[in-house]
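I opened my notebook to record what I looked up in this structure. The entries follow in the order I made them.

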Amino acid sequence: MDAVLVLDFGGQYAHLIARRIRELKVYSEIAPPDLTLEEFNELGRRFKVKGIVLSGGPSSVYDSGSPKCQPFIFDLGLPVLGICYGHQLMAYMLGGKVVKLDKAEYGIATAFIDRPLGPLKGLGPVEKVWMSHRDSVVELPPGFEVLAHTEYCPIAAMGDASRGLYGLQWHPEVVHTERGLDMLRNFVFEVCGCRPEWTMEDFVDKAIEEIRAAVGESKAVLALSGGVDSSTTAALAARALGDRFTAVFVDHGFMREGEPEFIVETFRKLGVKLVAVDAKERFFKALKGVVDPEEKRRVIGELFIKVFEEEARKLGAEYLIQGTIYPDRIESGFRRHSEKIKTHHNVAGLPSKMEFKGIVEPLRDLYKDEVRKVAKRLGLPDEIVYRQPFPGPGLAVRVVGEVTPKKVEIVRRADKIVREEVEKAGLARSLWQYFAVLTDTKSTGVKGDARAYGYTVAIRAVESREAMTASFAKLPYDLLERISTRITNEIPEVTRVVYDVTNKPPATIEWE
């Protein structure tokens, strides 16, 4: 099977490159930046590497300790595409020059295409691209030519067509680069000569075999939240292990309105062996006095695992299966050169010592829309497949500051209003997420001709494809007004409603 290897230099979008290539039905896998020749040859026994991509990253090529690839990468005779840091690294290692510009480029930029070769084949003279850099290539390596430039970046794209080596300063993998997928398509098919042979059916078979190989003849418990990630994992585990696994649902008290009942009823109807645990008091007690969001996630993660350990002992299970997906892991800084953004309760929030023999995460390299495709193939109902993403720690990370039962109830009621109005307006399928956040800010208001002093609720609604980037949704004003009016009328403790108009980046989708 043809494949394109992506060397991950720690960029937030490194896995997104592989995900885009998979969209083209070509297999792609992530490898460490300092991949050795022996490791490369080992990968070659599993699939046929037809090209290599060097990802972006937060480092500068001149920093001590900055990640570098092995020189043999450029001597394999394979096409190589450098993106952002990878573009700079290619120039640096092959004899070019990289400097820090006086002016950075962050966000949408206009690229002027000088030579439409390689990845740029078929593009127009001007393209909208997404930049995120300050360092820039200012002198070409021998054999290269300038393919594109921007107002501030003289070598925004470069190439040596005779060797199949190309560099792009911008990010073709993000949706904000309008023809980014065309650029990757050109590289994968025109430059590398790959054949489209990889499908989600291949992933399903591989995931089932992975679960069986990891668990063996032992029993496993499944961390079930009712979202599409854990539900898809449940379906895979059911096929892999049969009656040797049990889905365990922990009600930590931070679920949305009506969710605990929906989860239990739905999965019992599906015939899944399910254990429901009421742990609300334990979680609220553990979070008493905790304000820092990182500590909040860590506390939830530790108690989350403890509850599972208790159930696993009762069931005789030795393995924990989780629905962790790639955005969870990349924001937790799981790779050596990645920057940590926040801890996810089922990744870096895990305690260092656990009673399980191991944790199995079959969806760990997938994005949300890929998970939905797998879920559809597995026959899960649409109510689960298209359920909007919900963080593992639940409403606890939608309460800014200390978490109390009263605050959770306020944000739960506000969230219910947001969901009802968005769904009534017919916008649910077009939005990635839409929810309420209870801030720690109070302000003065007037209710019933009397002064009121209450909480501020923030509304967050975003559009996205894979959660690595997101744009705030331009909701109609009349919809925002209905949401605001209902929240301030129906929740006495709230006096003000605001709307979050920040994209990701610079913000994350969740507030904590």
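**Entry 1: helix α11**

I began with the buried residues of α11, which pack against α1 (14-23), α5 (200-215), α6 (228-241) and α12 (382-385). The model is predicted: local features need pLDDT of at least 70, side-chain atom pairs count only at pLDDT 80 or more, and totals for chains, interfaces and linings use all residues. Residues are numbered from 1 along each chain as its sequence is written, and side-chain values use heavy atoms, with hydrogens and water left out.

I noted that helices (H or I, at least four residues) and strands (E, at least two) are DSSP runs, numbered from the N terminus. Buried means under 20% relative accessible area, with a 1.4 Å probe and protein chains only. In helix α11 (residues 368-377), 7 of the 10 residues are buried, so the helix is largely enclosed by the rest of the structure. Among them are Lys368, Asp369 and Glu370. Gly379 follows α11 and has a positive phi, near 85°.

**Entry 2: Asp415**

I asked myself which residues Asp415 is in contact with, leaving aside its neighbours within four places in sequence. Contact means heavy atoms within 4.5 Å. I found Arg256, Arg398, Tyr434, Phe435 and Ala436. Asp415 lies in helix α13 (residues 405-424) and counts as buried because its relative accessibility is 0%.

**Entry 3: strand pairs**

Two strands pair if DSSP finds at least two bridges between them. Strand β15 (residues 433-447) and strand β16 (residues 450-463) are antiparallel and pair over 12 bridges. I saw that Val446 stands opposite Arg451 in β16. The hairpin of β15 and β16 has 2 residues between the strands, and Gly448 takes a positive phi near 60° there.

I then turned to strand β11 (residues 245-251) and strand β12 (residues 274-278), which run parallel and are joined by 5 bridges. Asp251 stands opposite Asp278 in β12.

**Entry 4: domains**

I listed domain 1 (2-191), domain 2 (200-386) and domain 3 (405-499). Their bounds come from an automatic or database domain assignment. The centres of domain 1 and domain 2, taken over C-alpha atoms, are separated by 34 Å.

Key. Buried < 20%, exposed > 50% of the residue type's maximum accessible area, 1.4 Å probe, protein only.
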